[in-house]
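Have your viewer open and follow along.

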Amino acid sequence: MTATIKGIIPVMLTPFTEADAIDYAGLEKLIEWYIANGADALFAVAQSSEMQFLSLEERVALARFVVRQAAGRVPVIASGHVSESRDDQVAELTSIAKTGVDGLVLVTNRFDPKGQGGPVFMDNLRSLLAALPTDLPLGLYECPAPFRRLLSDDELKFCAGSGRFAILKDVSCDLDTVKRRVALTKGSSLAIVNANAAIAFDAMKSGSAGFTGVFTNFHPDLYKWLLTDSSRHPALADELSVYLALAAMAEPMGYPKLAKLYHQRLGTFASIRSRAVDFDIRERFWALDALLDKIEQGQASFRARIAAARR
């Protein structure tokens, strides 16, 4: 295992045109925005990418485009793993593997789609491992949709011991679980990367190898500073961690369309169209633009304070 996939890993949006096609010009700008704002890797074709609403052809094209645009500047990982049947999952993942991604991410709930328990999970996992390229690093993703399926300690130890996994996107949202998982995988190639903003800073201090939550679509640079420079400015880091946790509470207000609205305001792409969120988020969530104004105000304040601290 040679790949190192850790740090600040945005879960990528998929911009669409008003005609409901993937907006590749907007996607190009979005990739450049992620890299310019501190991304250490890119997670394409994830739940934030609306992968459950993309055809396999679209998922493959999306992964291939991100790999080409990133051009080796940062690693690209991708999933696109949404089906229930074993054969369909193999077809999905082998297709994504051929796009040139640096890591192939397996969704934990797909190994036990009917909630039958550990033996079914392990049987499906072993079968899939046998079908996938052995030279391509793998990842694990406790995707919340259609349901969150957390790894047991024994399942995690199996994956770490296999030597084939580079990253777990941890969605336990529990600091004690993150700490335990860091300890269980110590010395292996498997990095634990937390995805919950409320515990992000504490998880980093406890061994989480970065952050890969949805608000990497708003301020990856602030998470990057928290990961790399916080020890020199602990009081500022504590304040920033509170701001980041509170800002992320906006997620239920129509994400990922909410993040698309933010990027529309930035000029990254034109449309906030989403296949996952088919309602008017401004109508449902009053004062949404005022909330985004406050999030941007907080960003500007902390960026200024970080710049001053570096002088």
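This is a predicted model: local features need pLDDT of at least 70, side-chain atom pairs count only at pLDDT 80 or more; totals for chains, interfaces and linings use all residues.

Is serine 172 buried or exposed? Its relative accessibility is 7%, so serine 172 counts as buried, the cut-off for that being under 20%. Its side chain makes a polar contact of 2.8 Å with the side chain of aspartate 170. Skipping neighbours within four places in sequence, serine 172 is in contact with Glu142, Arg148, Leu150, Thr177, Val178 and Arg181.

Now hop over to valine 76, which belongs to strand β3 (residues 76-78). Valine 76 is buried too, with a relative accessible area of 2%. Which residues does valine 76 touch, not counting those up to four places away in sequence? They are Leu42, Ala44, Val66, Val67, Ala70, Val101, Asp102 and Gly103. For glycine 103, 27 residues apart from valine 76 along the chain, the C-alpha separation is 6.7 Å.

Here are the two side by side:

| Residue | Place | Relative accessible area |

**An enclosed helix**

Next up is helix α10 (residues 257-266). Seven of the 10 residues of α10 are buried, so this helix is largely enclosed by the rest of the structure. The buried ones are Lys257, Leu258, Ala259, Lys260, Leu261, Tyr262 and His263. What do they pack against? Their partners are α1 (24-36), α11 (281-284) and α12 (288-310). After α10 comes glycine 267, with a positive phi near 90°.

**The cavity**

How many cavities of 30 Å³ or more does a search of the whole structure find? The search turns up one. The largest cavity holds about 50 Å³ of space. Its lining is made of Ile9, Phe43, Ile77, Val105, Gly139, Leu140, Ile167, Leu168, Lys169 and Thr212. The elements giving two or more residues to that lining are β5 (138-141) and β6. Of these, β6 supplies the largest share, three residues. By type, the lining of the largest cavity divides into seven nonpolar, two polar and one charged.

How values were computed
Residues are numbered from 1 along each chain as its sequence is written. Side-chain values use heavy atoms; hydrogens and water are left out. Buried means under 20% relative accessible area, exposed over 50%, partly exposed in between (1.4 Å probe, protein chains only). A polar contact is a pair of N or O atoms within 3.5 Å; within protein, one must be able to donate a hydrogen and the other to accept it, and residues adjacent in sequence count only if both atoms are side-chain atoms. Contact means heavy atoms within 4.5 Å. Helices (H or I, at least four residues) and strands (E, at least two) are DSSP runs, numbered from the N terminus. On a 1 Å grid over the protein atoms alone, a cavity is a set of points where a 1.4 Å probe fits but cannot get out, and a pocket is an open set with protein on both sides within 12 Å along at least five of seven lines; lining residues have an atom within 4 Å of a point. Grid points are joined across faces, edges and corners, and a volume is the space filled by probe spheres set on the points. Ala, Val, Leu, Ile, Met, Phe, Trp, Tyr, Cys and Pro count as nonpolar, Asp, Glu, Lys and Arg as charged, and the others, Gly among them, as polar.
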